[in-house]
Amino acid sequence: MLRFFEKQTTAELTMLMVAFVWGTTFVIVKNALADIGPFLFLGIRFILAFIVLAAFSHNNIKNLKSSTLKDGSLLGFFLFIGYVFQTVGLQYTTSSNAGFITGLNVVLVPLIYAALQRKLPGWITSLTVSMAVIGLFLLSVQQNDFHLAYGDLLMLVCAFAFALYIVFVDRISFRHNAIAITSVQILFVGILCMVIGLLTEPWPHLFTLNVIFAIVITSVFATSLAFLLQNALQKYSTPTRFAVVLTAEPVFAALTGYLFAGEILSHQGMVGAALILIAMLISIVKK
């Protein structure tokens, strides 16, 4: 029993490090986008992530079934929408706002489940959605300006896409090898983004240090390694405990935005961010 709790603690501390990596990538990607288009960045990031994942787990990938390709492509489509809107949105909002609004996917998941089951959401879902909406308003809407900022609106679409991704992962991923279906998703996003990027964006004359650093961090650590760790360590904890740990991601995003980009949340924004974080935690704990 003691050994299990030691493994559980190690697993959860490791996922806290993953949350740290995911949180810091908001400001890292935002800096890189000054030197490369969002679609080319995502294309390179996800194709490189697939190569790294294949190097670690090629035995799980080489014998793909057609059903895995089909379901993986569907999940990849939701990831594509999520990451595209997140990456483009980072050009128009702060990394702090991006982290908290992206985290709204946790609150949106039970709302989507209620819609799919054609029933009214429970009071917990209604409460957390109300808190999240108020938090989003306080975080994104400035005084005397009663509309959602453009970048934050893009982040809200990203949150919906990630919420749909979580719902459909729950519904179909258990039928497939976890590494295989994850690889299909990553490659789907990489190829689609690369094609769009090559058609619509200029290839950088020079890959700056900011771009190279962002590609390495996001592809190797925030995608390939993060997925591998999550798949390997999940058995030592529970989805709820892991999800609670991962709510630290927007906190790390805000902290790195403050330390390295000089982003400062107003008092109104801090209240909004706190409401979103509390709504996320309630949604997870009360599942």
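Predicted model: local features only at pLDDT ≥ 70, side-chain atom pairs only at ≥ 80, totals over all residues.
Reader: With which residue does the side chain of R175 meet in a salt bridge?

Author: The general idea is that side chains of opposite charge can pair when their charged atoms come close. In this structure, the partner of R175 is D71, with 3.8 Å from N to O. The two belong to distant parts of the chain, 104 residues apart: D71 is in helix 3, while R175 is in the loop between helix 7 and helix 8 (178-200).

Reader: Is D71 buried or exposed?

Author: D71 is buried, as its relative accessible area is 9%.

Reader: How many salt bridges does the count come to?

Author: The count comes to one salt bridge.

Reader: How should I read the packing of helix 3 and helix 7?

Author: Two packed helices are described by the angle between their axes and the distance between the axes. Here helix 3 (residues 66-89) packs with helix 7 (residues 150-172) at an angle of about 160°, and their axes are 8 Å apart. Helix 3 is therefore roughly antiparallel to helix 7, since angles over 145 degrees fall in that class. The crossing in which helix 3 passes helix 7 is left-handed.

Reader: At what angle do helix 6 and helix 12 cross?

Author: Helix 6 and helix 12 (residues 267-285) cross at roughly 160°, and their axes come within 7 Å. These two helices are therefore roughly antiparallel to each other. Their crossing, too, is left-handed.

Reader: What can a phi angle tell me about R118?

Author: Most residues other than glycine have a negative phi. R118 is not a glycine, yet its phi is positive, about 55°. R118 is found in the loop between helix 5 (105-116) and helix 6 (123-140). With a relative accessibility of 80%, R118 counts as exposed.

Reader: Which residues form a nonpolar patch on the surface?

Author: The patch is formed by L209, I212, V216, F221 and L225, which together have about 450 Å² of accessible area. One of them, I212, lies in helix 9 (residues 209-233). I212 counts as partly exposed, because its relative accessibility is 42%.

Reader: What distance separates the C-alpha atoms of N105 and P250?

Author: Those atoms are separated by 12 Å, although the two residues are 145 residues apart along the chain. N105 is part of helix 5 and is buried, at 10% relative accessible area.

Definitions and conventions
Residues numbered from 1 in each chain as written. Heavy atoms only, no water. Patch = residues over 30% accessible without salt bridge, like charges linked within 9 Å, V, L, I, M, F, W, Y side chains within 5 Å. Areas by Shrake-Rupley, 256 points an atom, 1.4 Å probe, with all protein chains shown as cover. Salt bridge = Lys/Arg side-chain N within 4 Å of Asp/Glu carboxyl O. Helix = DSSP H or I, 4+ residues; strand = E, 2+ residues; numbered from the N terminus. Buried < 20%, exposed > 50% of the residue type's maximum accessible area, 1.4 Å probe, protein only. Axes fitted to C-alpha atoms, helices over the stretch in contact; angles between N-to-C directions. Parallel < 35°, antiparallel > 145°, perpendicular 65-115°, else oblique. Left-handed = near helix turned anticlockwise from the far one by under 90°.
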